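Dear colleague,

I am handing over a structure for you to look at, and below it you will find my notes. Please read them with the model open beside you.

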Amino acid sequence: MKLLELRGLAASVDEKQILNGIDLTVNAGEVHAIMGPNGSGKSTLSNILGGRDGYTVTEGEIELMGAPVNGMSVEERALTGLFLGFQHPIEIPGVTNMEFLKVAIDSHRISLGEEEMNTRDFMVQVRDISKRLELSTEFLKRFVNVGFSGGEKKRNEILQLMLLQPRLAFLDETDSGLDVDALQVVARGINEFRSDENGVVLVTHYQRLLNYVNVDFVHIMINGTIVKSGDAQLAHEVETHGYTGLGEA
Amino acid sequence: MAVPQPANTLQGDLLKRVLAHEVQETPWLDRSASKSLLNCNGFPFPWKGRWQYSDFRALVEDALSLEGAHNALQSSHDVDVRRFDQPETEAQTMEFGSSDGVGDFPLIDINGVLFRSGTKLSSIAKTGSVKVNDANGSVDRHLMSIEQDAGMTVEETFKTGNRVVLCHVRDNAKLEYELTMPHGEGIGYHCLVVWLAKGSTFELHLASKGAQVRRNDVIVNVLGENATATLSGGWFVDGSDHLDSQVYMNHRVGGSHSEQSFHGVVDDRARSVFSGFIHIDRNASATEAHLTNRNIALSTQARAHAQPELEIYTDDVICSHGATTGHLDDDSLFLLRSRGIGEESARAMLTKGFLRQVVHSEGGTSLLNL
Ligand SMILES: Nc1ncnc2c1ncn2[C@@H]1O[C@H](COP(=O)(O)OP(=O)(O)OP(=O)(O)O)[C@@H](O)[C@H]1O
Ligand SMILES: [Mg+2]
């Protein structure tokens, strides 16, 4: 099943053209990596998929779970199964991580016609995921990302991923700023999440993540377009030779 | 909210009537101090200076036609209480009408001339506590004294009426004040004046909804070294309500510390005003004073007006002062929505979060539904 399909996707941010024709298909069971120099448009793609205000599709199409996203709100896209892992997770003072997670999971359940999650089951599940991510349960009581270290913020993203169990996860540099141990923890989270039913897109600058997560495809994005696609070997080439020679002339 | 000019003469007339008014029930009280202060301060012209945002003529009219007393004190523990509306010998000699040194606050003087009930409280214990109920549209005045080394907790609720609370916090004493202001159908003026002596501590926890018109003044006079004032609060004003809050932090001596943080939310067609005034005297060196006021407007028709004012007459201070007015943060809203949370719930969560940063009291938390 096709979870994501981009056909000739071009997009602008605040009237500045950033994405210039992207074709990409992610099927269930696949893990893709997108690599590319700073400013090539990777985070812009994430925001476009999420349906963020100020980001406009100027050409081409986006289909999520086989249906065009035109007119879908940010939350509707999330409820059809899209999850965005943020490059820079933001802090929300005054809102505890716990209530944030509870409202998020309940929103998903309600949209499926199910009841809100019973608090005890919720606690058991969230504690279990935290433990697997080596994140102290103290973090659940704290305000969302407030005072979290860079690595803790990224683990908190994976916590949300594992709780919400989306169909398609687009993880923007979840591996950046992690020490070796944290990288392994995050990679373990991604590996536990992936299945034949879902798909993952990893945006990364480093081949090292791919030592822990097996990817099926690697795409190189330069100037808002995918200039080359291949298998995991392509990431090694980038690591040794950089992006020179890969861009369009 | 400018009022047409001819109102001027009306106010002259209103002023005369206030000055001529005698509260029948309390002939033993000497109101001459308040009358002479009012005479020299004049009536608060609604379109001028710090009074430009709210019109209190109707409040004064109502006060002139009041009858009988209203007892607002609900309970007290470890606190000595005297009521003003009973002709006790001690009450007759009590100097409770004087609000000398507070400055140009005519509504305090009007309160002094017209108040019909009130209490004098003093705490000598470490753990005094009192509960004060709404003034219910009446005019009352409370004098509190927290004696040397003592402590007192006040839980006050106020909606409408004209109330002045004067608090003396003596050497090394501590006053913790929870002021909760639910929605009021009428007009309200509330003024809390605090004098802080050496080594004393004052904590204010404010939570407020709006009223038809409500003005909330907090005046802190730091008179002793090593005194500390910590003021925090939040308000949510909606419908067509109006809330005008003004804080005056006067550092008269050095080596003292004040910290203020207020968050306000306005929705619908509501209007809020926050005026935060910090004054540091010439000889108040080594003073530290901070104030932040952040406001969020949830609707396009709601208005939040914030104005900081600083008067610093010495160099040796650490002072920060900031006031902002804006909308809910787009990044935060996007994060919540990207997790499947509907826009309306996401907005409500962020609004609560914004107020939770400054509202910690039990009364405030339940009033604002946090
Ligand atoms: N709001 C905006 N207005 C104008 N330009 C923008 C805006 N947001 C992003 N850009 C520009 O779009 C380009 C792509 O940015 P984007 O964040 O998508 O890059 P990226 O591939 O994620 O880079 P990095 O690897 O550094 O995270 C950059 O040149 C950036 O400056
Ligand atoms: Mg990026």
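In chain B, strand 10 (residues 201–209) and strand 12 (residues 228–237) pair in the parallel sense over nine bridges, where strands are DSSP runs of E of at least two residues, numbered from the N terminus, and two strands pair if DSSP finds at least two bridges between them. Within strand 12 of chain B, B:Thr230 is the residue opposite B:Glu203. Helix 7 (residues 343–356) of chain B packs on the sheet and touches strand 12, strand 14 (257–266) and strand 16 (287–297) of chain B, contact meaning heavy atoms within 4.5 Å.

This is a predicted model, in which local features need pLDDT of at least 70 and side-chain atom pairs count only at pLDDT 80 or more, while totals for chains, interfaces and linings use all residues. Side-chain values use heavy atoms, without hydrogens and water, residues are numbered from 1 along each chain as its sequence is written, and chains are lettered from A and ligands numbered from 1 in the order in which they are written.

In chain A, helix 6 (residues 150–164) and helix 7 (residues 180–193) pack at an angle of about 10 degrees, with their axes 10 Å apart; helices are DSSP runs of H or I of at least four residues, and axes are lines fitted to C-alpha atoms over the stretch in contact, with angles from 0 to 180 degrees between N-to-C directions. Helix 6 of chain A and helix 7 of chain A are therefore roughly parallel, a term for angles under 35 degrees. Among the residues that meet are A:Ile158 in helix 6 of chain A and A:Val186 in helix 7 of chain A.

Best wishes

Methods: Angles under 35 degrees count as roughly parallel, over 145 as roughly antiparallel, 65 to 115 as roughly perpendicular and the rest as oblique.
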